[in-house]
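Okay, thanks for coming, everyone. Have a look at the slide, and I'll walk you through the ligand site and then some helix packing.

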Amino acid sequence: MAGYRLTVVLNAAETPGFLPDLDYERLKALVILRTGHHYYQDKDDLLWERLRRRWRSLGLPGAAGYLALLGDPLRGEAEWSVLEAEITIGETFFFRYAEQFVALRDHILPNLIARAQATRRLRFWSAGCANGAEPYSLAILLREKLGDTLPDWRIHLIGTDINEAVLETARRAEFGHWALRTLTAEELARDFTPGREGRWALRPQHRGQVRFTRHNLLSLLDGTSPLQFNEFDLILCRNVLIYFHPDMVQRVVRALCDRLTPGGWLLLGHAEPNPTFQTFMEVVQLPGTVAYRRPMEPLPLAAATAVPWQPGLPPPASSTWPLPPPPSPSAAAPRPAVARRPPPTPPRVAAPSPGVREAVRVLANRGDLGGARQACQQGLQNNPVDAGLHFYAAMVARALGEAAAAEQAFRRALYLDGGFVMAHYQLGLLLLDQGQREAGRRALANASRIAQHLPDRSALEEGDGMTAKELRDSVRLQLETIATPPVRS
Ligand SMILES: C[S@@+](CC[C@H](N)C(=O)[O-])C[C@H]1O[C@@H](n2cnc3c(N)ncnc32)[C@H](O)[C@@H]1O
């Protein structure tokens, strides 16, 4: 705590008008938690300016009022959208990193086109696409590669970003010279037409190739990312993760890898590759750049669970413990409301509590659900970051018919351990029981996707002997049953 106070004092000296208080610290923690922008951890001056600009323009007196607005169930989401536009950095241009586009043209796209000859279907995702220059560059390249055969292909090319304002620009597809600076006059004339005020409009055949939608990469980690963000042949996620904490980068890259088809490709920005990625992806050295591929089979040493995130943020001013309600379960609201986010820094207790888990299991098996609940609560007081105990708390709540409490406890378990297969699975079953089909499907699909990385016969943690293969089979069955509801007589 002393160190954290010191940071505040130093920044205060550097930034005139900087009035740090616990509400500001809480705001900062929320911003980092929601956007992943750990970059702001030691940039109080910059963040303070940006936040202050927002609350001043709204006529609010300071951080406390702004915090309340962001947490407001009715107005909070809209303000988050404006704030995210304010604090993200959207620099981009066409054919950025020429070496990567050469690698795409000469190596990656020919590989993908050759292997998709039978289906003639290809799926591409530009994650963190800013004003669209990146996915549009890919669209131009694809047309060049496929030529007259393009109409025979089903090409899905999606651009996503957390910042709705840049997506609006992307949809308009009009660019100034700065974004087009790498294009020759010939290329400009071929792919663009002169637009208003010295701008250039991308030709409709390229523009029509790309669909844009808002998406926060962090939603890949808490199970709220839409199901259709899956089975990509190529993902570009360049110059987005540079702002994230290294542990968070690892988790997001692993999640992106899971969204690829086996053999699918991932391109990161030049500064972003990390030797640890090769524990779960193949590294392919191409002239001037490095690319990653999802292996056809999981790599032998790949750990199946997500890397825990311990970002080391200061706790919010009024955080309560155990965790406050977890992220919103709603399928319709991909990004959880502020007030429902867990605090950023759970107290660090490294080891799980196997003895307590066992005690809970024994009591529950005896039918003493009250005793099991009490044991869970006590265990969580000592070790609030034991994902397994949150899982048991959820199972007990479910057995007691408390669906909402069970759902929250499953989500806490998943917040602490995104790779907890049984928590995804049980959450899925619970949601289906509650009639939440889409969210239930998503949770089951998450469980199955993680279990794909495990050997068929490995027993799942807290799975009462259930193996990875049994879980995958069970999920398949559940999903088929949902897809074909029984015919009524
Ligand atoms: C520097 S631009 C990179 C644009 C493009 N990929 C490129 O390399 O030229 C980074 C983009 O990532 C987006 N971004 C930042 N955090 C994000 C998040 N958590 N989820 C999705 N997009 C995010 C920003 O809004 C910004 O538009």
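**The ligand site**

So, 21 residues surround the ligand, and the closest are Thr-92, Arg-96, Gly-128, Asp-161 and Asn-239; a residue is in that set if one of its heavy atoms lies within 4 Å of the ligand.

Before I go on, the housekeeping. This is a predicted model, where local features need pLDDT of at least 70, side-chain atom pairs count only at pLDDT 80 or more, and totals for chains, interfaces and linings use all residues. Numbering runs from 1 along each chain as its sequence is written, and side-chain values use heavy atoms, with hydrogens and water left out.

Asn-239 has a side-chain N or O atom 2.7 Å from an oxygen of the ligand. For Thr-88, a side-chain N or O atom sits 3.4 Å from a ligand oxygen. And His-37 puts a polar side-chain atom 3.0 Å from a ligand nitrogen.

Now the helices, which are DSSP runs of H or I, at least four residues, numbered from the N terminus. Two packed helices are described by the angle between their axes and the distance between the axes. The axes are lines fitted to C-alpha atoms over the stretch in contact, and angles run from 0 to 180 degrees between N-to-C directions.

H13 (residues 369-382) packs on H14 (residues 387-399) at about 155°, axes 9 Å apart. So H13 is roughly antiparallel to H14, a word used for angles over 145 degrees.

Who touches whom? On the H13 side, Leu-369, Cys-376 and Leu-380 are among the residues that meet H14, whose partners include Leu-389, Tyr-392 and Val-396; contact here is heavy atoms within 4.5 Å. By class, that's 10 nonpolar, 2 polar and 1 charged residues.

H14 also packs against H15 (residues 403-416), at about 165° with axes 8 Å apart. That makes H14 roughly antiparallel to H15 too. Phe-391 and Met-395 are among the H14 residues there, and H15 brings Phe-410 and Leu-416, among others. The count is 12 nonpolar, 1 polar and 2 charged.

**H16 and H18**

Last pair: the axes of H16 (residues 421-433) and H18 (residues 468-483) come within 12 Å and cross at roughly 20°. They're therefore roughly parallel, the term for angles under 35 degrees. Tyr-425 and Leu-429 of H16 are among the contact residues, as are Val-475 and Ile-482 of H18. This contact has 8 nonpolar, 2 polar and no charged residues.

Okay, over to you.

Note on methods
Helix = DSSP H or I, 4+ residues; strand = E, 2+ residues; numbered from the N terminus. Parallel < 35°, antiparallel > 145°, perpendicular 65-115°, else oblique. Nonpolar A, V, L, I, M, F, W, Y, C, P; charged D, E, K, R; others polar. Polar contact = N/O pair within 3.5 Å; in protein donor to acceptor, adjacent residues only side chain to side chain.
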